[in-house]
Amino acid sequence: MFLNSVVVAIGGALGSLARYWIAELFAALGVVSFPWATLVANVSGSLLIGLLAALTGPDGRLLVAPEVRAFWMVGFCGGYTTFSSFSLQTLTLAQTGDWPRAGLNVALSLLLCLAAVAAGYMLGSWLNRLGA
């Protein structure tokens with residue numbers, strides 16, 4: 001229990017840093033009129049968690065300790081993806097009357113994250129079937 005808590009905390013910290021760096025990169029590029037950084041983090045995090053779920057699951061080709069799985073899936077992906085940020089940014093867009101962008105953010109986030117998690121899982125399943 002204690003070890004899992006530590007690895008999840010470390011993974012979460014690293015995931016949060018990765019998300020912060022993406023946000024800083026988009027800000028430095030001047031891309032701030034739409035929450036693209038949050039969308040990129042959520043979609044890439046969905047892809048990663050789908051891939052890890054397939055590769056490290058019971059039928060996966062990678063046998064990893066539960067702590068490794070917890071580090072990546074609960075810690076890193078949990079700290080990296082940004083549903084609370086997505087929610088606040090969407091609310092802010094709506095409150096300022098920018099309903100088209102608020103709706104676009106909801107639609108893109110839902111569709112792309114579901115597609116990304118499915119793609120990650122399919123990629124992991126395909127990798128599992130490669131010659132052992």
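**Notes on the model**

1. The largest share of the lining of the largest pocket, six residues, comes from helix 5. Helices here are DSSP runs of H or I with at least four residues, strands are runs of E with at least two, and both are numbered from the N terminus. A pocket is found on a 1 Å grid over the protein atoms alone, using a 1.4 Å probe: it is an open set of points with protein on both sides within 12 Å along at least five of seven lines, and its lining residues have an atom within 4 Å of a point.

2. Before going further, please keep in mind that this is a predicted model, where local features need pLDDT of at least 70 and side-chain atom pairs count only at pLDDT 80 or more, while totals for chains, interfaces and linings use all residues. Residues are numbered from 1 along each chain as its sequence is written, and side-chain values use heavy atoms, with hydrogens and water left out.

3. For the overall picture, the protein has five helices and zero strands, giving the pattern α-α-α-α-α along the sequence. Its C-alpha trace spans about 55 × 30 × 25 Å along the principal axes. Of the 132 residues, 35% are buried (buried means under 20% relative accessible area, exposed over 50%, and partly exposed in between, with a 1.4 Å probe and protein chains only).

4. Back to the largest pocket, which holds about 190 Å³ of space (a volume is the space filled by probe spheres set on the grid points, which are joined across faces, edges and corners). Helix 2 (36–56), helix 4 (83–95) and helix 5 (99–129) are the elements that give two or more residues to its lining. Among the lining residues you will find Asn42, Ser46, Phe83, Phe86, Val106, Leu110 and Cys113.

5. What classes of residue make up that lining? There are seven nonpolar, five polar and no charged residues. In this scheme Ala, Val, Leu, Ile, Met, Phe, Trp, Tyr, Cys and Pro are nonpolar, Asp, Glu, Lys and Arg are charged, and the others, Gly among them, are polar.

6. Do look at the surface too: Phe2, Val6, Ile10, Leu14, Leu17, Tyr20 and Trp21 form a nonpolar patch with about 740 Å² of accessible area together. Such a patch joins nonpolar side chains (Val, Leu, Ile, Met, Phe, Trp, Tyr) within 5 Å, taking residues with over 30% relative accessible area and no salt bridge. Tryptophan 21 sits in helix 1 (residues 2–28) and counts as exposed because its relative accessibility is 55%. Valine 7 is also found in helix 1, but it is buried, with a relative accessible area of 15%.

7. The structure holds one salt bridge (a side-chain nitrogen of Lys or Arg within 4 Å of a carboxyl oxygen of Asp or Glu). The partners are aspartate 98 and arginine 101, with the closest N and O atoms 3.8 Å apart. Aspartate 98 is partly exposed at 22%, and arginine 101 is partly exposed at 32%.

8. Finally, a pair to display: cysteine 77 and serine 16 are 61 residues apart in sequence and 8.8 Å apart in space, C-alpha to C-alpha. Cysteine 77 lies in helix 3 (residues 66–80) and is buried, with a relative accessible area of 2%.

Methods. Patch = residues over 30% accessible without salt bridge, like charges linked within 9 Å, V, L, I, M, F, W, Y side chains within 5 Å. Areas by Shrake-Rupley, 256 points an atom, 1.4 Å probe, with all protein chains shown as cover.
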